[in-house]
Amino acid sequence: GSFGNGTLSITDGAGGPSGPANDNCVDATLIVDGNTPFTTVGSTTDGDNPTGSQCGALGAGFYNDIWFKYTPSADGSLTVSTCNQATFDSRINIYDGCGGLIVACNDDATDCGLTSEVTTPVVCTVTYIIRVGGYGAATFGTGTLSVTMEGGTDCGGGGLPADLDNDGDVDGGDLAILIGGWGGPSGDVDGDGTTTGADMALLLGSWGF
C-alpha cells in the first residue's frame with residue numbers, strides 16, 4: 001500500500017553516489033572563517049577512532065569522515081561547530097596535521113543534542129586539520145560547519161593562504177597575483193596546484209584579514 005516518487009541514480013563501477021572530494025585527509029578542503037555546507041554521504045572512514053573522555057561521553061566511534069584544513073589569522077580561540085546544524089549524530093576532531101596529534105575533539109556538545117562543537121587555543125603559524133564524521137558505522141548526512149575565531153593576537157593575513165604577496169593582509173595586491181596566475185600555480189590558494197574560481201572564492205572570503 002506504499003506509493004511515492006523518487007530519483008534512482010545509476011553509476012558505473014561500484015555503483016551508488018561517489019564520495020565527497022574531501023573524503024580523505026590528504027584531500028582536505030581549505031576553509032576560512034564562516035559557514036561551510038558539507039555532506040558525508042558516500043564517504044568512507046579515513047581516520048582512527050578517538051579515545052578519551054575529552055571527545056565526549058560516548059568515547060570511541062568515528063566513521064564516514066570528511067576533512068577540512070584551516071589556518072587561523074590570529075593566535076586565539078578557535079570554535080568549530082555543527083551544533084544543531086547537522087542531520088546526523090556528528091563528531092568533530094581537530095589535528096595538528098594529517099596523521100598528527102588530536103588537538104581537540106567532541107562527540108555531543110552541551111545544548112547541541114547529538115551534534116558537536118569544540119573550542120581550542122590555536123596559533124596562526126599552524127594549519128589545522130578538521131575531521132567531521134558520524135558516531136555510527138552507518139551514519140551519514142549533511143550539515144553546515146561553522147568556524148569562528150575570538151581574542152588573541154592578530155597576525156594579519158600572514159597566516160592565510162590567500163595572502164599571496166605575504167604583506168600581512170588580503171587585498172587588491174593578492175587579487176592581482178591570483179588573476180595574473182589564472183590557470184597556473186602562482187595564484188593557487190586551495191593547494192590543488194591550479195588557480196581557478198575556487199581560489200577566487202577563498203581569496204574574497206578572506207578579504208580584509
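This is a predicted model: local features need pLDDT of at least 70, side-chain atom pairs count only at pLDDT 80 or more; totals for chains, interfaces and linings use all residues.
Me: Asn93 is found in strand E5 (residues 90-95). What makes a run of residues a strand or a helix?

Reply: Both are DSSP runs numbered from the N terminus: a helix is H or I over at least four residues, and a strand is E over at least two. Residues are numbered from 1 along each chain as its sequence is written, and side-chain values use heavy atoms, with hydrogens and water left out.

Me: How many helices and strands does the protein chain have, and in what order do the elements run?

Reply: There are two helices and nine strands. Starting at the N terminus, the order is β-β-β-β-β-β-β-β-β-α-α.

Me: Why is Asn93 called buried?

Reply: Buried means a relative accessible area under 20%, exposed means over 50%, and partly exposed is in between (1.4 Å probe, protein chains only). Asn93 has 0%, so it falls on the buried side. Across the protein chain, buried residues make up 45% of the 209 residues.

Me: What makes the meeting of the Asn93 and Tyr95 side chains a polar contact?

Reply: The term asks for a pair of N or O atoms within 3.5 Å; within protein, one must be able to donate a hydrogen and the other to accept it, and residues adjacent in sequence count only if both atoms are side-chain atoms. The two side chains meet at 2.9 Å, which is within that limit.

Me: How do you know that Val122 is buried, and which residues is it in contact with?

Reply: Val122 lies in strand E7 (residues 117-122), and its relative accessible area of 4% makes it buried. Contact means heavy atoms within 4.5 Å. Leaving aside neighbours within four places in sequence, the partners of Val122 are Pro72, Ala74, Asp75, Gly76, Leu78, Tyr128 and Met149.

Me: And Leu178: why buried, and what does it touch?

Reply: Leu178 belongs to helix H1 (residues 172-180) and is buried because its relative accessible area is 0%. Not counting residues up to four places away in sequence, Leu178 touches Leu164, Gly187, Val189, Thr195, Asp199, Met200 and Leu203. Along the chain, Ala162 is 16 residues from Leu178, and their C-alpha atoms are separated by 9.0 Å.

Me: Why is Thr36 called buried?

Reply: Thr36, in strand E2, has a relative accessible area of 17%, which is still under the cut-off, so the label holds. Among the residues that Thr36 touches are Ile31, Phe68 and Gly143.

Me: What makes Asn84 and Asp111 exposed?

Reply: Asn84 has a relative accessible area of 56% and Asp111 has 71%, so both values pass the limit for exposed. Asn84 sits in the loop between strand E4 (74-81) and E5, and Asp111 in the loop between strand E6 (102-106) and E7. Phi is positive in both, near 55° for Asn84 and about 65° for Asp111. Most residues other than glycine have a negative phi.

Me: How do you know that a space is a pocket and not a cavity?

Reply: On a 1 Å grid over the protein atoms alone, a cavity is a set of points where a 1.4 Å probe fits but cannot get out, whereas a pocket is an open set with protein on both sides within 12 Å along at least five of seven lines; lining residues have an atom within 4 Å of a point. Grid points are joined across faces, edges and corners, and a volume is the space filled by probe spheres set on the points. The largest pocket has a volume of about 320 Å³. Of its 20 lining residues, Ala28, Thr29, Leu30, Lys69 and Asp190 are the closest to the centre.

Me: How many cavities of 30 Å³ or more does the search find?

Reply: It finds one. The largest cavity has a volume of about 60 Å³. Ten residues line it, with Val32, Asp33, Tyr70, Thr71 and Leu160 closest to its centre.
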